[in-house]
Amino acid sequence: MLLCSCSTGKSKTNCNTWNSKHDLKASLEDLLRLAFAPSTRATYAAAISRFKRFCLLYRMPALPADKETIIYFTVTMSRALSPATIKVYLSAISSWHQQNGYKSPTSYNPMLSLIIKGARMLLRATVNPQDNQ
């Protein structure tokens, strides 16, 4: 936690005095960091890292990502992750975009719901193959 440079000795987040734009930025970063539990931050960091690797591999834009990039990323995740984890990863990408001043590429994308539904059916078929007969 950063301490404010004023005489109160409070953290920058709890102080009403900012001496520069740098102080304001530090307070913003503190608040954004505190908005998520440590475990959520770790999960989101892993999701963003995986998304960046995907974008590099397939030469697609990461930030800002377009809807097509998100759709194809979701398809690749459907073979390796549970539908619940996919949703968390998409939330991470959405949050990352919003924190960087971009619209979420995961919003208003009905195709994602269908892909996740398909992933759920794929998982069910893999776990219970007798249900497919």
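**Exercise 1.** In which loop is S104 found? Find out, too, whether S104 counts as buried or exposed.

Solution. Keep in mind that this is a predicted model. Start with the position: S104 sits in the loop that runs between helix 4 and helix 5 (110–127). Next, take the relative accessibility, which is 11% for S104. Buried means under 20%, so S104 counts as buried.

Now look at the neighbours. The S104 side chain has a polar contact of 2.8 Å with the side chain of T106, and another, at 3.4 Å, with the side chain of S107. Leaving aside residues up to four places away in sequence, S104 touches S94, H97 and Q98.

**Exercise 2.** Work out how helix 2 and helix 4 are oriented to each other.

Solution. First, find the axes of helix 2 (residues 38–58) and helix 4 (residues 83–99): they come within 9 Å and cross at roughly 85°. Angles of 65 to 115 degrees count as roughly perpendicular, and therefore that is how these two helices are described.

**Exercise 3.** Which residues of helix 1 are buried, and how are they arranged?

Solution. List the buried ones: D23, A26, S27 and D30. Seen down the axis of helix 1, the buried residues fall within an arc of 100°, so they line one face. Then turn to the other side, where K21, H22 and K25 are exposed. To finish, check the N-terminal end: S20 caps helix 1, with a side-chain oxygen 3.2 Å from the backbone nitrogen of H22.

Note on methods: Residues are numbered from 1 along each chain as its sequence is written. This is a predicted model: local features need pLDDT of at least 70, side-chain atom pairs count only at pLDDT 80 or more; totals for chains, interfaces and linings use all residues. Side-chain values use heavy atoms; hydrogens and water are left out. Buried means under 20% relative accessible area, exposed over 50%, partly exposed in between (1.4 Å probe, protein chains only). Helices (H or I, at least four residues) and strands (E, at least two) are DSSP runs, numbered from the N terminus. The arc is that of the directions from the helix axis to the C-beta atoms. A polar contact is a pair of N or O atoms within 3.5 Å; within protein, one must be able to donate a hydrogen and the other to accept it, and residues adjacent in sequence count only if both atoms are side-chain atoms. Axes are lines fitted to C-alpha atoms, for helices over the stretch in contact, and angles run from 0 to 180 degrees between N-to-C directions. Angles under 35 degrees count as roughly parallel, over 145 as roughly antiparallel, 65 to 115 as roughly perpendicular and the rest as oblique. Contact means heavy atoms within 4.5 Å.
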